[in-house]
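Visitor: Hi, can we look at a structure together? I'd like to go through a few side chains and then some of the backbone.

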Amino acid sequence: MLRRILPQFARALVGGRVEPMFGMYEVGRSFARGHWRQWPAHQSSAVWEFLHAWWGRSLVDPAPAVPVHEILALCGEASTTLGPWLTVWEALDHEMSDRHLAEAAAAWEYDLLGDQLPWDARDYDDESGMRGELAAWLVRHVPRRLHLRKGSATLLHRVRLIGLTGPARWEDPHWPGHRY
C-alpha cells in the first residue's frame, strides 16, 4: 500500500500535515514495515532520494514544517540506521543546521542522559546501538558547532555528561539536580 500512496504521503509529510499519535518515528517505522528497501531498484532509490532531499532541505530551512529532530527519527526508523543522516548533518556548515542541532540536543538530552533513545525503539533488537551512535555523535559534534552560541553553556554541559558513564556522570557538578 505504501507504494500506491507515497507521492501524496510525501507531499503531506513535507507540508507538515501528517500528525502521528506519538512521533514521526512511527511514520519511519511504517516505511520500514513496507519493506521499501526491497522494492525494485528504481522505486527504492526514489524513496532514498525523497528522504535525503527532505532531510537536507530541512536542515537549512529556518522553519521546517516538521522539527529536524523528528525528521531524523523518521529517517532513522525508515532506514534502520542513523549513519547516513548524521553524516549529512555533520558535513553541513550552516547557521540553520547549527540552530536545529541545538534544538535537537535540547530535545534529546533528558532521554540520552537516561541512556534511552529519544524515541520509542521497541522494534529494535539493538536499541542501544542506535542510541550509542546518536549519543557519541552529539558528544563529538555539538561542542564544536555550538561553543560560540549564546546561552548554550548548560546544553554543552549536558551533552558532555551524555559522554560520561556511571558515577562520572552522576557525580559531576553539572548533573541535573546535583548539589554540593
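Predicted model: local features only at pLDDT ≥ 70, side-chain atom pairs only at ≥ 80, totals over all residues.

Visitor: How many aromatic pairs does the structure hold?
Guide: There are six aromatic pairs. In one of them, the ring centres of Trp55 and Trp89 lie 5.4 Å apart with the planes at 85 degrees, so this pair is edge-to-face, since over 60 degrees counts as that.

Visitor: And which parts of the chain does that pair link?
Guide: Distant ones: Trp55 is in helix 3 (residues 41-60) and Trp89 is in helix 5 (residues 83-91), 34 residues apart.

Visitor: What about the rings of Trp89 and Trp137, how do they sit?
Guide: Their centres are 5.5 Å apart and their planes are at 35 degrees, so that pair is tilted. It also links distant parts of the chain, with Trp137 in helix 7 (residues 127-146), 48 residues from Trp89. Trp89 and Trp137 are both buried.

Visitor: Which residues form the aromatic cluster?
Guide: Trp55, Trp89, Trp108 and Trp137 form one cluster.

Visitor: New topic, the backbone. What is phi of His35?
Guide: Phi is near 50 degrees there, a positive value in a residue other than glycine. His35 sits in the loop between helix 2 (25-33) and helix 3. With 47% relative accessibility, His35 counts as partly exposed.

Visitor: And where does Thr80 lie?
Guide: Thr80 is in the loop between helix 4 (68-79) and helix 5. Its phi is positive too, near 60 degrees, and Thr80 is partly exposed, at 47% relative accessible area.

Note on methods:
Residues numbered from 1 in each chain as written. Heavy atoms only, no water. Phe/Tyr/Trp six-rings, centres within 6.5 Å; stacked < 30°, edge-to-face > 60°. Helix = DSSP H or I, 4+ residues; strand = E, 2+ residues; numbered from the N terminus. Buried < 20%, exposed > 50% of the residue type's maximum accessible area, 1.4 Å probe, protein only.
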